[in-house]
Amino acid sequence: MTDFLVIVALAALGAALAGLLAAPAVRVLRRRSVALSLFAVAVLAVAAMAAGTVAVAQAMFLSGHDLGVVMAVVAVSGVVSLAAALLFGRRIAAGSRELARSARTVGSEGGFVAPAEPPTAELAALSRALEETSGRLAEARERERALDASRRDLIAGISHDLRTPLAGLRAMAEALEDGVAEDTARYHARMRIEVDRLAAMVDDLFELSRIQAGALALTLSRVSVYDLVDDALAGAGPLARASGVRLVDGGVVPLPVRVDAQQITRVLGNLLVNAIRATPADGTVAVSARHEKGRVVLAVEDGCGGIPPEDLPRVFDTGWRGGAARTPRTDGKGGAGLGLAIVRGIVEAHEGRATVRNAGSGCRFEVELPSAEQQGEPPTAAPC
């Protein structure tokens with residue numbers, strides 16, 4: 001047992017001596033090729049093995065012939081090991097260079113194209129990570145393009161909507177200045193309407209900017225959905241009567257919610273105004289509320305004739321106007337394409353979701369909000 005321990009100690013001493021002599025190579029090989037690093041590791045392993053073997057052979061007092069045989073075996077093994085290490089290192093280096101070339105395509109229009117067969121599991125994992133990153137960058141680029149297009153549409157739409165009332169105001173002001181207006185009271189009333197329309201556009205722009213900046217402050221309170229719907233219907237009633245559209249009860253359950261009542265009333269008001277303007281005369285707009293899977297779902301269904309399926313994902317985008325059925329009219333009752341964007345922003349600020357789908361002869365807009373019970377309130381009945 002003592003002889004065995006001596007042999008182990010001598011082998012360890014020889015390997016340690018080889019390692020100490022090779023230690024400076026670690027600093028020299030920093031930032032060098034992985035192939036060279038792998039070859040240096042193999043050289044160190046072979047040198048440590050040879051040093052340990054020679055030390056043990058000397059201690060065992062082998063004959064010259066036996067020592068020569070041992071050294072020959074060590075030399076052949078070392079050469080084979082170094083050749084294999086060099087081959088594997090070159091292969092890994094080539095795979096790394098190919099992956100580096102492919103990485104330069106991340107974020108390009110064509111997207112990242114992963115190498116066919118990465119030589120190691122680590123390079124394969126890196127390749128998958130780069131592919132996922134390239135996919136996310138492509139999605140972000142598409143979102144940015146959509147936002148840019150939305151901003152351009154919004155600017156163009158707002159410019160058109162502002163130009164119309166401003167041109168009318170200028171014409172009426174000139175008529176009043178020149179004294180050619182026969183009914184000045186009617187001109188003043190019309191000017192007041194146009195000014196109110198401009199003020200509403202500015203208010204919508206200001207509200208949307210607050211929503212997009214994350215500066216919308218909510219004052220939450222426990223209210224009944226019935227009261228929210230009732231307030232929204234009262235506000236939209238005059239427009240519905242003027243347009244010849246009937247507002248009907250689609251089944252409103254008096255459910256409790258904890259929301260900012262003013263903001264949610266605005267959400268319902270925007271949906272109702274949007275539905276009334278899109279529904280032809282003698283049509284109906286139905287409002288409903290139900291409880292579904294711990295959520296309160298408010299719905300407004302109109303008779304607009306439907307939205308093309310390709311436009312449905314863009315309905316809540318800023319500045320979206322859609323086809324002819326939903327294009328703002330030129331009689332002063334059109335919008336700037338901000339109402340539905342405001343709806344989505346307010347609903348998402350309440351941790352809810354706004355959706356739209358074609359249903360029947362029109363569209364069904366739904367707003368999902370957390371119920372008061374889901375937010376930790378006791379499940380008591382809401383006042384009607």
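I took two strands as paired if DSSP finds at least two bridges between them. Helices (H or I, at least four residues) and strands (E, at least two) are DSSP runs, numbered from the N terminus.

**Basis.** I worked from a predicted model, in which local features need pLDDT of at least 70 and side-chain atom pairs count only at pLDDT 80 or more, while totals for chains, interfaces and linings use all residues. Residues are numbered from 1 along each chain as its sequence is written, and side-chain values use heavy atoms, without hydrogens and water.

**Sheet.** I looked up alanine 289 and found it opposite leucine 298 of strand 5. Strand 4 (residues 284-292) and strand 5 (residues 295-301) are antiparallel, paired over seven bridges. I then traced an open sheet of five strands, ordered 2-4-5-7-6, with mixed pairing. Strand 2 (246-252) and strand 6 each have a single partner strand, so one side of each lacks a neighbour in the sheet.

**Helix 8.** Glutamate 351 follows helix 8 and has a positive phi, near 60°.

**Confidence.** I checked pLDDT, the predictor's confidence in each residue, from 0 to 100. The chain averages 79, and 82% of the residues score at least 70. Confidence is lowest in helix 1 (residues 2-28), at a mean of 65, and highest in strand 5, at 92. Where pLDDT is low, the predicted coordinates should not be read in detail.
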